[in-house]
Amino acid sequence: MSTTRVTIKDVAARAGVSKGAVSLAFNHKPGLSDATRERIFEAARELGWAPNLTARSLAGARVDVVGLAVCRPARLLGLEPFYMEFISGVESVLIEHSCALLLRLVRSAEEEVGLQESWWKARQVGGSILVDFRADDPRIAVVRRLGLPVVAVGHPSLTGGLTSVWTDDAGAIADAVRYLAALGHRRIARVGGSGMLGHTAMRAVAFDAAARESGLTGVWQLATDHSGEAGARATRSLLTGAPAERPTAIVYDNDIMAVAGLSVAAELGLAVPADVSLLAWDDSQLCRITHPTLSAMSHDVHGFGADAARTLFGVITGDGSGSHPVPTPVLTPRGSTAPPGPDREGSGV
């Protein structure tokens, strides 16, 4: 296997231009047509080349700042354990590289497209971490056209060939359903996030498939905005029916909704887990300070953020390991899950 490193000269030869033209393209300086600039970017992608971090610094581009845009209301982001842990993981790596994080909240993917373009053209960032991918995500084509170094936090089926890191959401949700079914539950609900998000849609499909395989007799899936208020409303709607017509177990797409669900169960006079089992996702500290403590699909969110940041630096320098999964969330049973009572499952147990 050849160990020859791809250089700017190789990119220039592939694109049929000079090395100076490649430098102009990646430093977003005038003097090239759009067609030539895109031909250079395409040659670089084909060869797996990205500008050297030090060389970019000498050329005047900002490599001491990494961008992260999140499509969440500020109020919700401040309460969301996942993003707080993820960002702390990113920061732990940026500190090692003497870099800062430029965090912005946006209202839509389209707004983020404009933001990423302005960041790159103004040389405000050396690269970006992209999160919350959707089907036919508009950011993919834009960052490719710009030549913006990015790491995509999302399954490869959603990220259009961008360097990606991801969790196996489908496998984890299937494990959650199989666990609850093994306890004897036959009516299981899932309180999820927005169906527009790719990872939410993947969880929904996997939940249905696992429910069929487990022979469940009752299945519910409700979409929310990941907030505690929405999680509480969804839980209330699921648990206000007749005992024989409501789920005996609920899986939540994040911890804050599971905590809200625990409060709703108490409000309705239902005991957890005697009347209903609750299973959270992510396993933040919230899961360990409730009563009962919350069972959860646990994964290292801090490590996930750190991995994403390291992968981005690999994209920027050209020395990275490429796309790869991070460890799949694993079940951590605690006090909120147990077999259902026979009066709640009847002959299904």
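On a 1 Å grid over the protein atoms alone, a cavity is a set of points where a 1.4 Å probe fits but cannot get out, and its lining residues have an atom within 4 Å of a point. This is a predicted model, in which local features need pLDDT of at least 70, side-chain atom pairs count only at pLDDT 80 or more, and totals for chains, interfaces and linings use all residues. Residues are numbered from 1 along each chain as its sequence is written, and side-chain values use heavy atoms, without hydrogens and water.

**Stop 1: the largest cavity**

Select Phe 82, Asp 132, Asp 169, His 199 and Arg 203. Of the 25 lining residues of the largest cavity, these lie nearest its centre. The space inside is about 400 Å³, a volume being the space filled by probe spheres set on grid points joined across faces, edges and corners. The whole structure holds two cavities of 30 Å³ or more.

Now colour α6 (81-96), β5 (164-166), α10 (198-213) and β9; each gives two or more residues to the lining of the largest cavity. Helices (H or I, at least four residues) and strands (E, at least two) are DSSP runs, numbered from the N terminus. Helix α10 has the largest share of this lining, three residues. By class, the lining has 11 nonpolar, seven polar and seven charged residues. Here Ala, Val, Leu, Ile, Met, Phe, Trp, Tyr, Cys and Pro count as nonpolar, Asp, Glu, Lys and Arg as charged, and the others, Gly among them, as polar.

**Stop 2: strand β10**

Strands pair if DSSP finds at least two bridges between them. Find Ala 280, opposite Ala 296 in β10. Next, show β12 (residues 330-332), which runs antiparallel to β10 with three bridges. Leu 331 in β12 is the bridge partner of Met 297.

**Stop 3: the nonpolar core**

Select Phe 86, Ile 129, Val 131 and Val 153. They touch the most other members of the largest nonpolar core, which has 27 residues. Such a core is a set of buried Ala, Val, Leu, Ile, Met, Phe, Trp, Tyr and Cys residues joined through side-chain atoms within 4.5 Å. Helix α13 (301-317) is among the elements that each supply at least two residues; α13 gives the most, eight.

Notes. 1 Å grid on protein atoms, 1.4 Å probe; cavity = no way out; pocket = protein on both sides within 12 Å on 5 of 7 lines; lining within 4 Å. Buried < 20%, exposed > 50% of the residue type's maximum accessible area, 1.4 Å probe, protein only.
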